[in-house]
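Open your viewer and get ready to select residues by number. Each stop tells you what to pick and what is there.

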Amino acid sequence: MRDIRLLAEPFAPYALVDDFTQAHPGLGGACTFVGKVRGEEGVEALELTHYEPLTLPGMENLADRAFARFDLMGLIMVHRVGLMRPGEPIVCVCAAARHRRAAFEATDFCMDHLKSAAWFWKREKRATVNGGEWRWIEPRDEDHADLARWSDEGTVARKNSPV
């Protein structure tokens, strides 16, 4: 089962995950990551824009790569676009697998790609910066380093790994 979506409205990630895990009898584990808009340091809002002709097809391709690389039973990848407020979910990635390592690694793989190599542009508005003006957010060096980990094809959780 695959659930790959872009949403312009708030969503309930744990309801998605509950339905998803119930649909996979026999799974050994599911690993879920939910990213939310931070409310610290005066963040008032976050806005994500994207290039529509590439975004959803790119997310589908990323899901294909995760299925090819890891022994998965299913994958959720839901990402918000538009204006969001502190505490609202931005992204939910949940991988279901027979073995925990594949679920952990697939979730990490997808998030590293969504964070640094995706089709989203992110800006935030902080009350304390530039008099409340919007500022663009770029991936950090750490985000690029996280993504670079996946450039080799070897991984503990590759298909048919018993770990």
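This tour of a predicted model goes from the sheet to the helices, then to the cores and a pocket.

**Stop 1: the sheet**

Show the strands as a cartoon. In what order do the four strands of the open sheet lie? Read across and you get β1-β4-β6-β2. The pairing is mixed.

Now select β1 (2-7) and β2 (29-36). These two strands are the edges. Each has a single partner strand, so one side of each has no neighbour in the sheet. Neighbouring strands here are turned by 5° against each other on average, ignoring direction.

**Stop 2**

Click Arg 5, then find Val 78 in β4: Val 78 is the bridge partner of Arg 5.

**Stop 3: helices on the sheet**

Select residues 13-22. This is helix α1, and it packs on the sheet. It touches β1, β2, β4 and β6. The direction of α1 makes about 15° with that of β6.

Next, select α2. Which strands does α2 touch as it packs on the sheet? The strands are β1 and β4. The direction of α2 makes about 155° with that of β1.

**Stop 4: the nonpolar cores**

Nonpolar side chains in soluble globular proteins tend to be buried together. Look for that here.

The largest nonpolar core has 31 residues. Select Phe 70, Leu 72, Leu 75, Met 77, Val 93, Cys 110 and Leu 114, which have the most contacts inside this core. Now colour β3 (43-50), α2 (52-69), β4 (72-80), β6 (89-97) and α3 (100-116): each gives two or more residues to the core. The biggest contribution, seven residues, comes from α3.

Zoom in on Leu 114. Leaving out residues up to four places away in sequence, Leu 114 touches Met 59, Leu 62, Met 77, His 79, Val 91, Val 93, Trp 119 and Phe 120.

There is also a second, separate core of eleven residues. Select Val 17, Phe 20, Val 78 and Cys 92, which are among them.

**Stop 5: the largest pocket**

Switch to a surface view. The largest pocket has a volume of about 970 Å³. It is lined by 35 residues. Select the closest to its centre: Arg 38, Lys 115, Lys 122, Ile 137 and Asp 143.

Which element supplies the largest share of this lining? It is α3, with six residues. Other elements that supply at least two residues include β7 (120-126), β8 (134-137) and α4 (141-148).

Conventions:
Residues are numbered from 1 along each chain as its sequence is written. This is a predicted model: local features need pLDDT of at least 70, side-chain atom pairs count only at pLDDT 80 or more; totals for chains, interfaces and linings use all residues. Side-chain values use heavy atoms; hydrogens and water are left out. A nonpolar core is a set of buried Ala, Val, Leu, Ile, Met, Phe, Trp, Tyr and Cys residues joined through side-chain atoms within 4.5 Å. Buried means under 20% relative accessible area, exposed over 50%, partly exposed in between (1.4 Å probe, protein chains only). Contact means heavy atoms within 4.5 Å. Two strands pair if DSSP finds at least two bridges between them. Axes are lines fitted to C-alpha atoms, for helices over the stretch in contact, and angles run from 0 to 180 degrees between N-to-C directions. On a 1 Å grid over the protein atoms alone, a cavity is a set of points where a 1.4 Å probe fits but cannot get out, and a pocket is an open set with protein on both sides within 12 Å along at least five of seven lines; lining residues have an atom within 4 Å of a point. Grid points are joined across faces, edges and corners, and a volume is the space filled by probe spheres set on the points.
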